[in-house]
Amino acid sequence: MSWRRPNTVIMLVVGVLACAIAPLGATWLDTTILTGVLALISLSAGLSFGQAGILSMAQGAFAAIGAYSTAVLSTRFGLSPWVGLLLALLLPALLAWALARVVSRMPELATALATLALATLVEILARNWDSVTGGYIGIAGIPPIAGFEKGWMFNILVWVFVVLAVLMHENLMNSAHGRALRIIKHDRTRAMADGVAVAPVLSAMLATSGAMAGAGGWLYAHYITYMSPGSLDTYASISALLMAVVGGPGYILGPVLGTFLLNLLGKLLPAQEAQGLFYGGALIIILIVAPEGLLGWSHRLLDRLKAREPAAPGKAGAAAAATGTTATSTSATTVEAERRAIEAAP
Amino acid sequence: MLEYIIRGLLNGSVYALLALPMTLFFTTAATVDFAIGAYALLAAALATAVPGLLGIAVGLLGAVGASIVMCIVYVLLKRANKEGIRVALASFGLSLALSSIVLMVWGTKPFVRQTFTTMWEIGGFRLNPQGILNMLVAVLLVISAWQVLQRTQLGRMMRAAAANAQGAELAAIPVIGVQCATIVAGGLLGGIAGLLILYSSGLDFTASLGLTFVGFASAIIFGIQSPLRCLAGGLAIGVIEALSAGYTTGMVTSMVPSLFMLIVLLSGQLGGSRYSGDRP
């Protein structure tokens, strides 16, 4: 856990803080647990949109599949939740992989619409498949995870999952796969010419993101102990995506920041009905003011401040290299920073 | 059987009306306005608040006003030179916000109004006159949209903006202006569709996304190129929906629009050639 993984270190600190403030009261505990679960689902949306360029509106559906599979296994068959976790990771991953094999050849807009259609189909299926999902009534009495019955224990489990997700995400982006993804996002034809197998890489990416969302659904089901079609619906998919976009989908910690901001600020709203107005308005404003999300915006601000200082040539180069490591995938901003560094050099 | 088909045709004409703005906007700006269903919802909600004919006018004005908001967002995004997917996302945000406003002001009660209390009997079938009216309005609007596209100066500018935005710009066509006009026209058409639904089957605050969906499915089922195809698409979806409502379970019926959309998208109907080798 050296300086090569700054995002994981930050996430670890945030996770420990979240676990530390949780025992302050029941409301705090509930808020931190739900924020953690949402952060995990939104991280999965950020993974697919920010790194693979697939605007997936099915993350809520993947989470719902994870939640339902563990719910069915533990209530009907009495199996351990850990067996449920296996299925909750596998089923969404398989579905996402199959979808991505077909979808990754299509333009972005068609991909987004196809994932949205899939999410709607999953939701309709959950509403109507009475013998398995319990239809509109849903499944109640999902047992808590053995050893994590206490709220604060469960909270730690949730944040361990989030930190693990961030660690894996950062490792991925530091690897050859991550570099391949960055080329694909920048220019697909170039990626093909460089010998990157575009479709398999993207499919694996969406499958990973589906599994991550499935894990979020698994945690959700065992925390709420009740699962119905309305719990993780299309609205959940959209808000997960929205949190990722607000925070900065190209940055590893962007979705987490977005979840914190929207979820906590959303608690201050006068009425539950206003949530859609707040979320929709936030999305539009962010898209116009800070297209790269809040992290992208602050990153750009820092760059501008740095450029204003009369830097020595060597120092400018070092600054560009430093920004290159903190920005995970936004090749555009990195390229821009490099260009600025070159201009500043003579 | 025949009754289901006729009922499907009548329902489908409204879907065609929702599909029309999708087609127009997609062909002029190559992106999707997800807020069409929300314009329809807003128009219906406003129309119930004000009695009589004035309500219709207020509803349409509301829908057009909402689409002007979308217009401003579109121009701002376009100025930052953002690709179509961000416009689609922003319209999603607008749709969320509009639904939330309707929920805040009007609550969860469904909106429905009946103008005709009697049913017409034609050749043994019982038909709601409202259905016939919906059909007439839809066919009239689709055909006039087609005529505008084919015959008028505006239509030529729209087609030019669609075919080659840069070239159209060089030929002194205000491309952004044409696209904005399309968004506002979409608001108007969405509003009309919302009013027709209000007077026939009714809707509630959750309807906006479903309506957008049905409209988009109808727009792409036969290809997204021309208004006449979206009329055919809307009618086809309506008939299939009515038939599956008659012969299968409710689950299949509610799946029809998304299922069709998925199938058509997977078969690569929507600009499938873009990633097969040429640079975007």
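This dialogue walks through several features of a predicted model.

Biologist: Which residues is A:Leu232 in contact with, once its neighbours within four places in sequence are left aside?

Modeller: With those neighbours set aside, the contacts of A:Leu232 are A:Ile41, A:Gly60, A:Ala63, A:Ala64, A:Ala67, A:Gly217, A:Tyr220 and A:Met227.

Biologist: How should I read a pair of aromatic rings, and how many aromatic pairs does the structure hold over all chains?

Modeller: A pair of aromatic rings is described by two quantities, the distance of the centres and the angle of the planes. Over all chains, the structure holds nine aromatic pairs. In one of them, the ring centres of A:Phe161 and A:Trp218 are 5.7 Å apart and the planes lie at 45°, so the pair is tilted. This pair links distant parts of the chain, with A:Phe161 in helix H7 (residues 151-174) of chain A and A:Trp218 in helix H10 of chain A, 57 residues apart.

Biologist: Are A:Phe161 and A:Trp218 buried or exposed?

Modeller: A:Phe161 is buried, because its relative accessible area is 18% and the cut-off for buried is under 20%. A:Trp218 is buried as well, with a relative accessible area of 0%.

Biologist: What can be said of the pair formed by A:Phe278 and A:Tyr279?

Modeller: A:Phe278 and A:Tyr279 form a tilted pair, with 5.8 Å from centre to centre and 50° between the planes.

Biologist: Which residues do ring pairs link into a cluster?

Modeller: The cluster consists of A:Trp82, A:Phe161 and A:Trp218, which are linked by ring pairs.

Biologist: Turning to charged groups, how should I read a salt bridge, and how many does the structure hold over all chains?

Modeller: The general idea is that side chains of opposite charge can pair when their charged atoms come close. The structure holds two salt bridges over all chains. A:Arg127 forms a salt bridge with A:Glu123, and their closest N and O atoms are 2.9 Å apart. These two residues, A:Arg127 and A:Glu123, are separated by about one helical turn, because they are four residues apart in helix H5 of chain A. A:Arg127 counts as partly exposed at 23% relative accessibility, while A:Glu123 counts as buried at 17%.

Biologist: Which residue does A:Arg190 form a salt bridge with?

Modeller: The partner of A:Arg190 is A:Asp194, with the closest N and O atoms 3.0 Å apart. A:Arg190 is partly exposed, with a relative accessible area of 45%, and A:Asp194 also counts as partly exposed, at 39% relative accessibility.

Biologist: What does the side chain of A:His222 join in a polar contact?

Modeller: A polar contact of 2.8 Å joins the side chain of A:His222 to that of A:Thr70. A:His222 is found in helix H10 of chain A, residues 198-224, and is buried, with a relative accessible area of 2%. Beyond its neighbours within four places in sequence, A:His222 is in contact with several residues, including A:Ser74, A:Pro81, A:Ile142 and A:Phe154.

Biologist: How does one read a helix in chain B by its faces, and which residues of helix H6 are buried?

Modeller: In helix H6 of chain B, residues 153-163, the buried residues are B:Gly155, B:Met158 and B:Ala161. Seen down the axis of H6(B), its buried residues fall within an arc of 125°, so they line one face of the helix. The face turned away from the buried side of H6(B) carries the exposed residues B:Gln153 and B:Ala163. The cover over the buried residues of H6(B) includes helices H1 (2-29), H5 (129-151), H7 (165-170) and H8 (175-200) of chain B.

Biologist: Which residues does B:Ala19 touch, not counting those up to four places away in sequence?

Modeller: B:Ala19, whose place is in helix H1 of chain B, touches B:Gly215, B:Ser218, B:Ala219 and B:Cys230 when those sequence neighbours are not counted. B:Ala19 is buried, with a relative accessible area of 0%.

Technical notes: Residues numbered from 1 in each chain as written. Chains lettered and ligands numbered in written order. Predicted model: local features only at pLDDT ≥ 70, side-chain atom pairs only at ≥ 80, totals over all residues. Heavy atoms only, no water. Buried < 20%, exposed > 50% of the residue type's maximum accessible area, 1.4 Å probe, protein only. Polar contact = N/O pair within 3.5 Å; in protein donor to acceptor, adjacent residues only side chain to side chain. Contact = heavy atoms within 4.5 Å. Arc of directions from axis to C-beta. Phe/Tyr/Trp six-rings, centres within 6.5 Å; stacked < 30°, edge-to-face > 60°. Salt bridge = Lys/Arg side-chain N within 4 Å of Asp/Glu carboxyl O.
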